[in-house]
Amino acid sequence: MRSRLRGSLLAGAIGDALGAKTEFDSIDRIRELAGPDGITDFIPAYGGAGRITDDTQMTLFTLEALIRAHAQRRRTGSADVVHSLQMAYQRWLHTQGVAWDRARGPRSDAEVPDGRLITHQELFSRRAPGLTCFGELEAYGRSGVRGTMERPVNNSKGCGGVMRAAPIALWSDDLAEVFRLGAESAALTHGHPSGYLPSGCFAVIVHELLHGKPLLEAVATARAELVKHPAHEEQSTALDAALELAEQGPPTPEKLESLGQGNVGETALSMSVYVALTTTDADSALLASVNHSGDSDSTGSVCGNLVGAMYGEDALRKSWLDRLELRDVIVGLADDALAEFGPDAPGDDRWFARYPVD
Ligand SMILES: [Mg+2]
C-alpha cells in the first residue's frame, strides 16, 4: 500500500511536470519543441525541470483535507469532510496570491491558514491555475456558499475537479461513499455532471488499484457506480470509447487525440485510462499521456495517479524522481495519510497541530 500510494502521488506529479510546458500546445508544436518523438523527458517550465503545476498542488490539498477530517473525526467524534476539502482549496487559493482574509470564507475565523502543508513556501507559486477553480473558490471566499451536485455553482465540466481527486480513494472502503465524495469534492467548483462524475469514477478506480485490483476490473467497478448517477452518459460513453480503442494496440498521439483533448472531465479520465491500459510500464505510460494536442499536464497527472498506483513507487524513473519538485513533501504527506488511515493513528498534540480541526 505504501509503495502504491506514494507511487500514485509521485507519478501524478511526474506526469504533471512532463506536460507542464506544453499544456496548450499541439502535437506538431510539441514535436518542434522536443524532437520527432515528442516529449521524452522534463522540459523546463516555471523556472526549471520537474516543476509541478496546479494539478499536483490541488491534489496535495485534497489529501491534506482527508487527513484533517479523519483526524478530527477520531478526536471529536464527527467531521464534515466536504468542509475540510473546501477549506483546503481555500488555502490553495491563498497560495495563488489571494489574501487570507478574502480566501478563508465566512465560516472560518482563523487569523492565518493553519496546518502543515501551507508552511511549504514552494507551494506559493502560480502554475497556470484553472480559472474555474480560481473563480469559484474566490466566490466561496465572499459568500461561504458551497457548491453541490444538487445546487451546482456553474455549468463547467472542466477537468479541474477530476485532476485533484485521486486521494479521495483513501476515504472509505465503501465504494459508493468514495464515488459520492469524489463527485462532491469536484462539485465544489464544477457544476456540470461531466465536471463532477469523472471525479467519483476516478476515486473509485484509484481505490481499486491501491488494493491491487487489475485496471480493467477497477474501471468496470467504477463504471458500475457511475451509471447509478443521473447524467452519467457522457462519461460512460467516453470510458467505453477508451476501452474499445485500447483493443487496437499501443497508444499514439493521433489515437489518443481521437478520444478528445483532456480539458474536460470525461476525456481527462478516458484518455488517461486508455493510456494506462495500452502500456506495460510507468515510463511509457507517463510519456504517452502527455504527447498529444490537448491538456497535457492534466492527462499526465491523472494518468500518473493511475499507473503509479498500478506499478508502485519503485517502478518510477529515478532521474525523474530526483528532479521532481516537492518530492519530499509528496512522500511525507503520503506517509502521514497512511499513518492517519492506518491501525495505529497518532494521537499526540504535534499530530493534531499538523492536522488541526477545520
Ligand atoms: Mg495544470
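Reply: Start with contact, which means heavy atoms within 4.5 Å. This is a predicted model, in which local features need pLDDT of at least 70 and side-chain atom pairs count only at pLDDT 80 or more, while totals for chains, interfaces and linings use all residues. Residues are numbered from 1 along each chain as its sequence is written, and side-chain values use heavy atoms, with hydrogens and water left out.

Me: Which residues is I14 in contact with, leaving aside neighbours within four places in sequence?

Reply: I14 is in contact with F42, L286, L316, W320, L321 and L324.

Me: What makes a nonpolar core, and which residues touch the most other members of the largest one?

Reply: A nonpolar core is a set of buried Ala, Val, Leu, Ile, Met, Phe, Trp, Tyr and Cys residues joined through side-chain atoms within 4.5 Å. Buried means under 20% relative accessible area, exposed means over 50%, and partly exposed is in between (1.4 Å probe, protein chains only). The largest nonpolar core has 112 residues, and I14, L18, L85, F202 and I205 touch the most other members. Its largest share, 10 residues, comes from helix α8 (residues 193-210). Helices (H or I, at least four residues) and strands (E, at least two) are DSSP runs, numbered from the N terminus.

Me: Why does R6 count as buried?

Reply: R6 has 19% relative accessibility. The limit is under 20%, so R6 counts as buried. R6 lies in helix α1 (residues 2-19). Not counting residues up to four places away in sequence, R6 touches E313, V331, A334 and D335.

Me: What makes the link between the side chains of R6 and E313 a polar contact?

Reply: A polar contact is a pair of N or O atoms within 3.5 Å; within protein, one must be able to donate a hydrogen and the other to accept it, and residues adjacent in sequence count only if both atoms are side-chain atoms. The R6 and E313 side chains are joined at 3.2 Å, so the distance meets the limit.

Me: Why is T279 called buried?

Reply: T279 has a relative accessible area of 10%, so T279 is under the limit and is buried. T279 sits in the loop between α12 (265-277) and α13 (282-290). A polar atom of the T279 side chain lies 2.7 Å from the backbone oxygen of V275. Beyond four places in sequence, T279 is in contact with P251, S284, A285 and Y311.

Me: What makes A128 partly exposed, and what about A231?

Reply: A128 has a relative accessible area of 29%, and A231 has 39% relative accessibility. Both values fall between 20% and 50%, so both residues are partly exposed. A128 lies in the loop between α5 (100-103) and α6, and A231 in the loop between α9 (215-226) and α10 (233-245). A128 has a positive phi of about 50° although it is not a glycine; A231 has a positive phi of about 60°, and it is not a glycine either. Leaving aside residues up to four places away in sequence, A128 touches E23, Y46 and D54.

Me: Which atoms count as donors to the magnesium ion, and how do you know?

Reply: Donors are N, O and S atoms within 2.8 Å of the metal (3.2 Å for Na, K and Ca); water is not among the atoms, so sites may look incomplete. T53 (OG1), D54 (OD), D55 (OD) and D297 (OD) coordinate the magnesium ion at 2.0 to 2.4 Å. The donor residues are spaced T-D-D-x241-D in sequence. D54 and D55 are both buried.

Me: What separates a cavity from a pocket?

Reply: On a 1 Å grid over the protein atoms alone, a cavity is a set of points where a 1.4 Å probe fits but cannot get out, and a pocket is an open set with protein on both sides within 12 Å along at least five of seven lines; lining residues have an atom within 4 Å of a point. Grid points are joined across faces, edges and corners, and a volume is the space filled by probe spheres set on the points. The whole structure has one cavity of 30 Å³ or more. The largest cavity holds about 50 Å³ and is lined by L9, G12, A13, T56, T59, L60, S301 and N305. The largest pocket has a volume of about 350 Å³.
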